[in-house]
Amino acid sequence: MPSKQRKPTLAVWKFASCDGCQLSLLDCEDELLQVAGAVQIANFLEASSAVLPGPYDLSLVEGSITTPHDAERIQAIRKNSRFLVTIGACATAGGIQALRNFADVEEFTRIVYAKPEYIKTLKHSTPISEHVKVDFELRGCPINKGQLLEVISAFLHKRRPNIPRHSVCLECKARDTVCVMVAQGTPCLGPVTQAGCGAICPAYQRGCYGCFGPQENPNTVALSAWWTLLGVGEAAQQRAFRTYNAGARAFSKEAERHG
């Protein structure tokens, strides 16, 4: 009889994050059964305490590096992974916790903790790619579960994931949403933000908050000039670029211009 073919092994790892991107995988529901049929889930503590030893064929990494221990742990995970994909704003851009990059972390720990000497933390929150080689980055806060399934499917079929790099503006046009900046004068980060959310906020008459990070070659300077015409002050513009993807290079650079 022919030998049973081994399924590729999948591992999911958590660093500094809210777990929301791991929950996106669990939220796949029916599709998750198909994923479980195609791969062997070897390490996914959010879903099961059962852990199989590596090496792993595909590692999904959520969260940013914020401690010396995490900086060592990601090196071990990289060595034990054939392909490594980072998922979410924390893993790809440092996350909301990257706001520490623009402040005094030691002052924060003194204010928050009774015994700050026990806190072992780094001054900066950094994306995984600043520490190890990353084979693909999937953006979003949280990620789009359909895009996550596309990434896993692409890995199984040995092709590059088909993830759009255009802006949220195209998603607005695709769903016939009238531009909130043109029609209502509402500040919106959609023109410089990568698509993936389905343009949810503009569909509800709100500006985009930039959850999926900068699109490919974003013209943030032109957008800021438009915001200035709408009456948005320098401090408000800096704050807009310093949210979930504050550590993303394009957004970080634009925020500095308004400091």
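Let's start with helix H10, residues 220–229. Its buried residues are Thr 220, Leu 223, Ser 224 and Trp 227. Around the axis they span an arc of only 100 degrees, which means they sit on the same side of H10. Keep in mind that what we have here is a predicted model.

What covers those buried residues of H10? The cover includes helix H8 (180–184), helix H11 (234–241) and helix H12 (249–257). And just after H10, have a look at Gly 231, where phi is positive, about 95 degrees.

Together with Phe 241 and Phe 251, Trp 227 makes up one aromatic cluster.

Now over to the largest nonpolar core, which has 22 residues. Inside this core, the residues with the most contacts are Leu 25, Leu 60, Ile 87, Leu 138 and Leu 148. Which elements give two or more residues to the core? They are strands E1 (9–14), E3 (56–62), E4 (81–87) and E5 (136–138), along with helices H1 (20–26), H2 (30–38) and H6 (145–156). H6 provides the largest share, five residues. Apart from this core lies another one, of 16 residues, and among them are Cys 172, Leu 223, Trp 227 and Phe 251. As a bit of background, nonpolar side chains in soluble globular proteins tend to be buried together.

Leaving aside neighbours within four places in sequence, Leu 148 is in contact with Leu 25, Leu 60, Ile 87, Leu 138 and Ile 143.

Next, the aromatic rings. The count comes to four aromatic pairs. Let me show you one of them, Phe 83 with Phe 155: the ring centres are 5.5 Å apart and the planes are at 70 degrees, and since an angle over 60 counts as edge-to-face, that is what we call this pair. Phe 83 belongs to strand E4 and Phe 155 to helix H6, so the pair ties together parts that are 72 residues apart in sequence. Phe 83, at a relative accessible area of 33%, is partly exposed.

Last stop: charges over rings. The charged end of Arg 73 sits over the ring of Phe 15, at 3.9 Å from the ring centre. In the other example, Arg 242 has its charged end over the ring of Phe 102, 3.8 Å from the centre.

Conventions
Residues are numbered from 1 along each chain as its sequence is written. This is a predicted model: local features need pLDDT of at least 70, side-chain atom pairs count only at pLDDT 80 or more; totals for chains, interfaces and linings use all residues. Side-chain values use heavy atoms; hydrogens and water are left out. A nonpolar core is a set of buried Ala, Val, Leu, Ile, Met, Phe, Trp, Tyr and Cys residues joined through side-chain atoms within 4.5 Å. Buried means under 20% relative accessible area, exposed over 50%, partly exposed in between (1.4 Å probe, protein chains only). Helices (H or I, at least four residues) and strands (E, at least two) are DSSP runs, numbered from the N terminus. Contact means heavy atoms within 4.5 Å. Rings of Phe, Tyr and Trp (its six-membered ring) pair if their centres lie within 6.5 Å; planes under 30 degrees apart count as stacked, over 60 as edge-to-face and the rest as tilted. A charge sits over a ring if NZ of Lys or CZ of Arg is within 6 Å of the ring centre and within 35 degrees of the ring normal. The arc is that of the directions from the helix axis to the C-beta atoms.
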